[in-house]
Amino acid sequence: MANYKIISKEYGKAGVKLLFASKEGQKHSIQEMEVETLLTLNSEKDYREGDNSDIIATDSQKNTVYILAKQYGVENPEKFGILLARHFIDKYPWVVRAKINLVQHPWSRIQDEQGNLHNHAFVSTPSSKRVAQVIMDRSRVPRVSAGIRGLTVIKTTQSAFVNFVRDEYRSLPDMEDRIFSTIVTADWTYSNVRGLKFCQAYRTVEKGILDIFAGPAKTGIYSPSVQNTQFLAQKFVLEEIPQVEEITMSMPNRHYFPVDFTKFPIKAVQGEGAGQVMLPVDKPSGMITSTLCRNQIRSRL
């Protein structure tokens with residue numbers, strides 16, 4: 001046994017779904033999310049010897065999610081994740097690390113014909129998903145990260161891709177004007193969370209990504225490459241939210257290629273016609289990913 005070393009270990013409960021409804025006053029609010037708890041213990045006896053005496057059952061971890069939600073409520077993924085992580089660290093001295101992953105399902109208030117937001121009726125708005133992760137060790141200082149999943153966007157002009165490597169392997173022509181579509185995945189880590197308004201920070205990141213991608217409503221903004229748009233969005237986040245120490249983004253290039261109508265002997269479909277007809281091609285796709293951080297990282301304390 002001495003010849004083998006366990007280099008990583010954690011266990012927990014995945015797929016813990018909950019809907020928390022706050023009905024204080026006439027204006028109700030809801031939070032729906034899926035939670036994963038992962039604990040690391042200070043010994044290996046459960047693995048090496050089959051000794052379960054220190055194991056907090058995964059079913060008990062599931063119950064903890066529901067009990068703490070009932071006791072303290074659920075305001076947002078980050079705060080609830082910190083609450084759960086701190087509980088496991090404080091209650092069980094042999095837990096050396098608690099990791100909490102959370103995915104929020106988006107709901108928006110239904111509006112009436114006058115634009116008034118409904119007090120207690122909502123519509124599912126899955127344009128993207130909000131995620132968060134909280135990791136806490138015995139120091140009790142949370143490491144909090146947040147993110148966006150599945151933010152799908154497209155624009156029909158103000159995008160180009162030219163002057164890239166030209167050799168015997170190249171088949172793509174220069175494209176001075178092309179459709180630009182991608183599915184944004186973003187993850188950012190906070191250097192500290194003291195006084196941070198998590199929901200406001202999330203909205204700032206999401207709006208910033210959309211603004212950098214789209215630009216002003218009447219004119220748009222030019223993008224010479226996915227890489228440049230990605231960098232500008234990351235730079236915006238670091239400038240606008242001082243607590244963010246780094247942000248990682250991935251943006252697959254969702255291709256739309258024009259259908260070739262030259263093979264059809266129909267005059268009406270030659271040239272401009274009534275508009276462009278494009279063929280969506282999801283695979284293979286280009287994948288652009290990068291992480292931008294500050295030159296000097298601030299303390300998490």
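Asp-187 is partly exposed, with a relative accessible area of 29%. Here buried means under 20% relative accessible area, exposed over 50%, and partly exposed in between (1.4 Å probe, protein chains only). The model is predicted: local features need pLDDT of at least 70, side-chain atom pairs count only at pLDDT 80 or more, and totals for chains, interfaces and linings use all residues. Residues are numbered from 1 along each chain as its sequence is written, and side-chain values use heavy atoms, leaving out hydrogens and water.

**Salt bridges**

A salt bridge is a side-chain nitrogen of Lys or Arg within 4 Å of a carboxyl oxygen of Asp or Glu. The count comes to 14. Among them are these pairs:

| Pair | Closest N and O atoms |
|---|---|
| Glu-75 and Lys-79 | 3.2 Å |
| Asp-187 and Arg-149 | 2.8 Å |

Strands are DSSP runs of E with at least two residues, helices are runs of H or I with at least four, and both are numbered from the N terminus. Arg-149 counts as partly exposed at 31% relative accessibility. Shared partners join Glu-10, Arg-97 and Lys-99 into one network.

**A buried lysine**

Lys-155 lies in strand 7 (residues 143–155). Lys-155 is buried yet has no salt bridge. The nearest side chain of opposite charge, Asp-177, is 9.0 Å away. Lys and Arg count as positive, Asp and Glu as negative; His and the chain ends are not counted. The Lys-155 side chain does reach the backbone oxygen of Gln-158 at 3.4 Å. Such a polar contact is a pair of N or O atoms within 3.5 Å; within protein, one must be able to donate a hydrogen and the other to accept it, and residues adjacent in sequence count only if both atoms are side-chain atoms.

Gln-31 sits in strand 2 (residues 29–41). Gln-31 counts as buried because its relative accessibility is 16%. A polar side-chain atom of Gln-31 lies 3.1 Å from the backbone oxygen of Glu-75. Asn-76 caps the N-terminal end of helix 3, with a side-chain oxygen 3.2 Å from the backbone nitrogen of Glu-78. The buried residues of helix 3 include Phe-80, Leu-84 and Phe-88.
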